[in-house]
Amino acid sequence: MVINEFRMTIDSRSVNEGFSRAVVASFAAQLDPTVEEINDIKTAVSEAVTNCIVHGYKNSLGKIYITVKIHQDNQVVISIRDKGCGISDIKKAREPLFTTLGGDRAGLGFSVMESFMDKIIVRSRVNSGTCVTLYKKIDGRIK
């Protein structure tokens, strides 16, 4: 059962990545997470938002939709969605070191998210966008 939630929409500008990670971490703080748990959330949110900016909208500007829900069992569920170009092959995109852009991109975004969260689900449709849902159980208690 969801006991608290919030939604926000940001522009796909790189300056908003840090803002989004701070807001999500602040909201999750009500569960009294450890420093490690909060850093895990921040890192995963950064990767997901950066993917929207760099891959979803490439060289254009769009909106990123973030929803965070806190469940009664102390699970934080974070959905980060864009309406960008989408991913044609999710399985391939989730492989470590795979990138469609080359250059200085390491192709580790999904691997990083998976290593810091309990579970991630990626849904995408070409020309319609992508939604990444991140799950993290917090061992703390609601304040």
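**Around the core**

Guide: Let's start with a charge on a ring: K119 lies over the face of Y135, 4.8 Å from the ring centre (NZ of Lys or CZ of Arg within 6 Å of the centre and within 35 degrees of the ring normal). R81 does likewise with Y65, its charged end 4.4 Å from the ring's centre. Bear in mind that this is a predicted model, where local features need pLDDT of at least 70, side-chain atom pairs count only at pLDDT 80 or more, and totals for chains, interfaces and linings use all residues. Residues are numbered from 1 along each chain as its sequence is written, and side-chain values use heavy atoms, with hydrogens and water left out.

Now the core itself. The largest one has 33 residues, and I64, I66, I78, I80 and L134 have the most contacts inside it. A nonpolar core here means buried Ala, Val, Leu, Ile, Met, Phe, Trp, Tyr and Cys joined through side-chain atoms within 4.5 Å, with buried meaning under 20% relative accessible area (1.4 Å probe, protein chains only). Elements supplying at least two residues each include β1 (2-11), α1 (15-28), β2 (63-71) and β5 (129-137), while α2 gives the most, with eight. Helices (H or I, at least four residues) and strands (E, at least two) are DSSP runs, numbered from the N terminus.

Zoom in on I64: leaving out residues up to four places away in sequence, its contacts (heavy atoms within 4.5 Å) include M8, I10, V49, C52, I53 and I80. R81, the residue over Y65, also touches I64.

Technical notes
Buried < 20%, exposed > 50% of the residue type's maximum accessible area, 1.4 Å probe, protein only.
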